[in-house]
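Hello,

Here is the structure I said I would pass on. My notes on it follow below the display.

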Amino acid sequence: MANKPRIALFIGIICISIFPVIVKLNLTPSLISAFYRMAIAAVFVVPYAIFTKQMKLYDMKTMILIILCGIFFGSDIAVWNYAIQGSSATQATLLTNLAPVWVGVGSYLFLSTKPTSNFWIGTVFAITGMVVLIGVDVFLDLSFDLPFACGILSGILYACYILMSKKVLSSVRVIPFMTYSLLVSSVFLGVVNIFAGSPFTGWSNAGWTTLIIQGIICQLLAWLLISYSTQHMRATRVSLSLLSQALLAAILAWVFLDEKITLQMILGGVIILLGIGITFIEKPIIGKSKG
């Protein structure tokens, strides 16, 4: 079924859209939250992968790429958590969602599948929508502090993960990829938390609940679906589609945190979705090939 990857991507985006809202509750520190998100997901996927005999060793190059995917993704979540808690979910989400630009540049430089003209047009629309969504004044007033830098870094790390995972998933199935990636992320973030002196226990019941939700829904379910989509779709298209999480996160924040949804936010969301839609058009919308 040709639409399966798109449906999986849509559901995955819904699952990760609750993440900024949960993190903004500030019930656990950013670093430890990132660790438990990976570790809890690993608790579920590792036994399944072993029981179904899907685990195996790949060639050295593939294993190195899988390890790098785990490190890049774990680092992305950690610095994004810090950006959200240190500034605002809006600023952090905007900066992180610049990832499609980095993915497009990376695809142009390192992948055989180059971004189409429609991708770049869609990127312009989507980022314009992001600016409209949060307000031009907010965008212009961004301060170059540590949370700002972490937001930028998060987008770059996330772009690296998308590009590498696309290459890995061309020869590795989703379950073993997710299993290895989660194990690497968990170990990496565990070591980082130990060196940072982060406490691993002592959270409230609400704090533990948010950690479990992050691990099972925002990580395990979401990224199984998104990895499946990445395996069957262009990396640039997947990364740009993930921009729509900003719109869904705004709706969830309105429902659960009583944040207002304005006409400006609706307009920005429509522009974002228009940009995403443009990337799904196969024929160039500007210019025609000769002959």
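I will start at the surface. Val-43, Phe-44, Ile-212, Ile-216, Ile-217 and Leu-221 form a nonpolar patch there, with about 500 Å² of accessible area together. Accessible areas come from the Shrake-Rupley method with a 1.4 Å probe, and for residues only the protein chains shown count as cover. A patch is made of residues with over 30% relative accessible area and no salt bridge; like charges are joined within 9 Å, and nonpolar side chains (Val, Leu, Ile, Met, Phe, Trp, Tyr) within 5 Å. A salt bridge is a side-chain nitrogen of Lys or Arg within 4 Å of a carboxyl oxygen of Asp or Glu. Two elements give two or more residues to the patch: helix H3 (30–51) and helix H11 (205–232). The largest share, 4 residues, comes from H11. Ile-217 is found in H11 and is partly exposed, because its relative accessible area is 33% (buried is under 20%, exposed over 50%, partly exposed in between, with a 1.4 Å probe and protein chains only).

Before going further, some background. The model is predicted: local features need pLDDT of at least 70, side-chain atom pairs count only at pLDDT 80 or more, and totals for chains, interfaces and linings use all residues. Residues are numbered from 1 along each chain as its sequence is written, and side-chain values use heavy atoms, with hydrogens and water left out.

The chain has 14 helices and 0 strands (DSSP runs numbered from the N terminus: helices are H or I, at least four residues; strands are E, at least two). Of its 291 residues, 52% are buried. The accessible surface comes to about 13,900 Å², and 72% of that belongs to carbon and sulfur atoms. Among contacts (heavy atoms within 4.5 Å) with a separation of 6 or more, 88% are between residues 24 or more positions apart.

- Asn-193 lies in helix H10 and counts as buried because its relative accessibility is 0%. A polar atom of the Asn-193 side chain lies 3.3 Å from the backbone nitrogen of Ile-32. Residues up to four places away aside, Asn-193 touches Leu-31, Ile-32, Phe-35, Ser-198 and Phe-200.
- Ile-278 sits in helix H14 (residues 263–279) and is buried, at 8% relative accessibility.
- Thr-262 is in the loop between helix H13 (245–257) and H14. Thr-262 counts as partly exposed, at 36% relative accessibility. Thr-262 and Leu-133 are 129 residues apart in sequence and 9.1 Å apart in space, C-alpha to C-alpha.

Regards

Terms used. A polar contact is a pair of N or O atoms within 3.5 Å; within protein, one must be able to donate a hydrogen and the other to accept it, and residues adjacent in sequence count only if both atoms are side-chain atoms.
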